[in-house]
Amino acid sequence: MIDFKNVTKYYKPDITAMNNVSLHVAKGEFVFVLGPSGAGKSTFLKLMLREEVADKGEVIVNGYNLSKIKQRDVPYMRRTLGVVFQDFRLIPTMTVYENIAFAMRVTNIGERDIKKRVPYILSLVGLTNKAKKFPTQLSGGEQQRVALARALVHSPELVIADEPTGNIDPELSIEIMELLQAINSVGTTVVVVTHEHELAHKYAKRIIEIKDGSVIRDTAEKAVMF
Ligand code: ADP
């Protein structure tokens, strides 16, 4: 699912954003990646999305070796994972329905399948009655659920949520965490990237803590006992 093998990433020659990191996340796990600002969380995300490439070591995501992948295969790799970005990245001129349909259309999915799947995905995240609204007509929590719905269009094996509680009210963060747990309960691997200690410790889930580009704690063994 996710394999980091002795991964080092430099920005310019003198900034080491990730220093010899090895970690493994198995299919079906729910993992928090926790770390303060500057710890290397964004670098971790970018390496998984192949927006950055490791300088040393290997990153393997959903069976793709991202150190060796051909550029033309990158879009296929990205379709195996769904990302909920902190800033949601919705298209403001499109309705909720269109935002999700568009994500399917750009990957050449037929209109008939889109008509079937978009209402289903909207029902999963509880937004059926908001299909015709534009992003600006929604609350922060609703916008985030649209972002989550869009992340699910390709039935990804892995969902990554970047700072899911960063741009919404505390009460709504419970809602999004419940949705992520529901997605996990049907077999999807979930990785939540956060700087919030409180959030990571609220759930009895595995926590991989990073600091200054290194893994300083991994509760994996405890998680197995649960
Ligand atoms: P986080 O997301 O946990 O805040 P980052 O992965 O963004 O951490 O950053 C890790 C380290 O790499 C920090 O010291 C940061 O200043 C540095 N860094 C991140 N991106 C760049 C970049 N494009 N150029 C130079 N340094 C960077």
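How far from an oxygen atom of the ligand does a backbone N or O atom of A39 lie? In this predicted model, where local features need pLDDT of at least 70, side-chain atom pairs count only at pLDDT 80 or more, and totals for chains, interfaces and linings use all residues, the answer is 3.1 Å. Residues are numbered from 1 along each chain as its sequence is written, and side-chain values use heavy atoms, with hydrogens and water left out.

A backbone N or O atom of G40 lies 3.0 Å from an oxygen atom of the ligand, while K41 brings a polar side-chain atom to 2.9 Å from a ligand oxygen. On its own the ligand has 560 Å² of accessible area, and the protein covers 63% of this area (Shrake-Rupley method, 1.4 Å probe; for residues, only the protein chains shown count as cover). The residues around the ligand are Y11, I15, A17, P36, S37, G38, A39, G40, K41, S42 and T43, each with a heavy atom within 4 Å of it. By class, the shell holds five nonpolar, five polar and one charged residues; Ala, Val, Leu, Ile, Met, Phe, Trp, Tyr, Cys and Pro count as nonpolar, Asp, Glu, Lys and Arg as charged, and the others, Gly among them, as polar.

β2 also belongs to an open sheet of four strands, ordered β2-β1-β4-β5 with antiparallel pairing (two strands pair if DSSP finds at least two bridges between them). β2 and β5 (64-65) stand at the edges with a single partner strand each, so one side of each is left without a neighbour in the sheet. Seven bridges join β1 (residues 2-11) to β2, with Y10 opposite T16 and F4 opposite L23. These two strands, β1 and β2, form a hairpin with three residues between them, and K12 in the turn has a positive phi of about 55 degrees. Toward β4 (residues 56-61), β1 pairs in the antiparallel sense over five bridges, and T8 stands opposite K56.

Grid points are joined across faces, edges and corners, and a volume is the space filled by probe spheres set on the points. The largest pocket has a volume of about 560 Å³. Its lining comprises 20 residues, with R78, L81, A103, R150 and H154 nearest the centre. Elements giving two or more residues to this lining are α2 (74-78), β6 (81-84), α3 (96-105) and α5 (140-151). The lining divides into eleven nonpolar, four polar and five charged residues.

One cavity of 30 Å³ or more was counted, and the largest cavity has a volume of about 40 Å³. L47, R50, E52, V53, A54, V59, L66 and S67 line the largest cavity, five of them nonpolar, one polar and two charged.

Methods:
On a 1 Å grid over the protein atoms alone, a cavity is a set of points where a 1.4 Å probe fits but cannot get out, and a pocket is an open set with protein on both sides within 12 Å along at least five of seven lines; lining residues have an atom within 4 Å of a point. A polar contact is a pair of N or O atoms within 3.5 Å; within protein, one must be able to donate a hydrogen and the other to accept it, and residues adjacent in sequence count only if both atoms are side-chain atoms.
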